[in-house]
Amino acid sequence: MRKMRRSFVLFCLAALLLAGTALADAGPKPQLVVRVVNAPEELYYLDILAEGEFDPDRGYEGIEWSYSDEEAAALDQALLADLRDAVPQGWHACTAEGSTGAPMWGDLEGEDGMHAFRYVGVPETYRVLMVTRSGEVWTSGALHRRVLQSSVTVDWAAKTAAAPPVWRGYVLQFLATLLPTLLIEGLLLLAFRFSWRQNWRVFLLVNLATQGALAVFMSVNVIRDGVGWWFLILLVPVELVIAFLEAGLYRKWLKGRSKGRAFAYGLAANAASALLGWFLAVPVWQWIVSIS
């Protein structure tokens with residue numbers, strides 16, 4: 001029992017040390033991916049617009065940030081000028097002109113219909129502007145980026161722009177957080193020689209009350225703000241509270257083995273699920289963002 005407690009404390013300290021090595025600029029940044037379906041057959045440029053006129057005195061010139069000198073020289077200058085001329089009054093093109101207040105990178109040409117706009121200057125309220133070489137212009141209505149990294153699909157043929165429902169990302173993140181926890185803690189329940197038939201109700205009730213609440217908290221915060229080292233550090237005290245709470249409940253309610261074994265199982269199960277969660281947090285979040 002003493003060895004189990006020592007191992008658990010060492011695990012938490014190691015997690016803190018690993019998380020503390022991140023740089024100040026580390027962690028996820030805002031991103032908006034614009035997917036174009038039924039795209040024009042001719043060359044076109046696409047940019048996102050932010051509110052307000054571009055102010056070069058306190059802004060970041062977009063082409064300079066997004067393209068090298070050689071790449072900028074290779075752009076279709078006439079089409080680039082047409083895009084700038086098509087910007088409606090009261091807005092500015094974040095890549096073709098620049099971003100005010102904070103820098104960002106943009107992709108006017110895209111690849112396979114995918115245009116990525118990244119870094120801290122990506123606006124929360126934006127419009128999509130498309131201009132073709134033949135002079136056709138289309139501008140979307142105002143859209144809102146409700147989570148840190150999101151996407152919007154533009155149907156050029158229908159002249160529409162639609163973002164996927166945010167609830168889908170929350171649900172996927174919730175399931176991706178909760179289900180692996182139930183799986184690994186359920187397997188450990190059997191490894192500790194507890195009868196599944198006698199204890200499945202207690203196991204599910206305890207986990208749905210504790211891990212379910214944690215999964216809700218994580219799904220909301222991860223989808224909205226991404227996964228950063230600061231977030232993982234904040235989870236350490238939460239995981240500790242949950243670990244000892246569950247261990248105490250299992251000590252009281254699990255049947256068929258000693259109370260000491262039930263308590264040890266609670267600590268071991270939570271250490272294993274916390275470690276799994278640390279390794280899965282970033283890739284799962286990135287996967288959900290990629291399909292949202």
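Modeller: We may begin with R145, which sits in the loop that separates β9 (143-144) from β10 (149-155); helices (H or I, at least four residues) and strands (E, at least two) are DSSP runs, numbered from the N terminus. The model is predicted, so local features need pLDDT of at least 70 and side-chain atom pairs pLDDT 80 or more, whereas totals for chains, interfaces and linings use all residues. Residues are numbered from 1 along each chain as its sequence is written, and side-chain values use heavy atoms, leaving out hydrogens and water.

Biologist: What makes the pairing of R145 with V122 a polar contact?

Modeller: The term covers a pair of N or O atoms within 3.5 Å; within protein, one must be able to donate a hydrogen and the other to accept it, and residues adjacent in sequence count only if both atoms are side-chain atoms. A polar side-chain atom of R145 lies 3.1 Å from the backbone oxygen of V122.

Biologist: Why is V154 called buried?

Modeller: V154, in strand β10, has 0% relative accessibility and therefore counts as buried (under 20% relative accessible area; exposed is over 50%, partly exposed in between; 1.4 Å probe, protein chains only).

Biologist: How far apart are V154 and R35 in sequence and in space?

Modeller: They are separated by 119 residues in sequence and by 5.9 Å, C-alpha to C-alpha. R35 is also among the residues that V154 touches, contact meaning heavy atoms within 4.5 Å.

Note on methods
Lists of a residue's contacts leave out its neighbours within four places in sequence.
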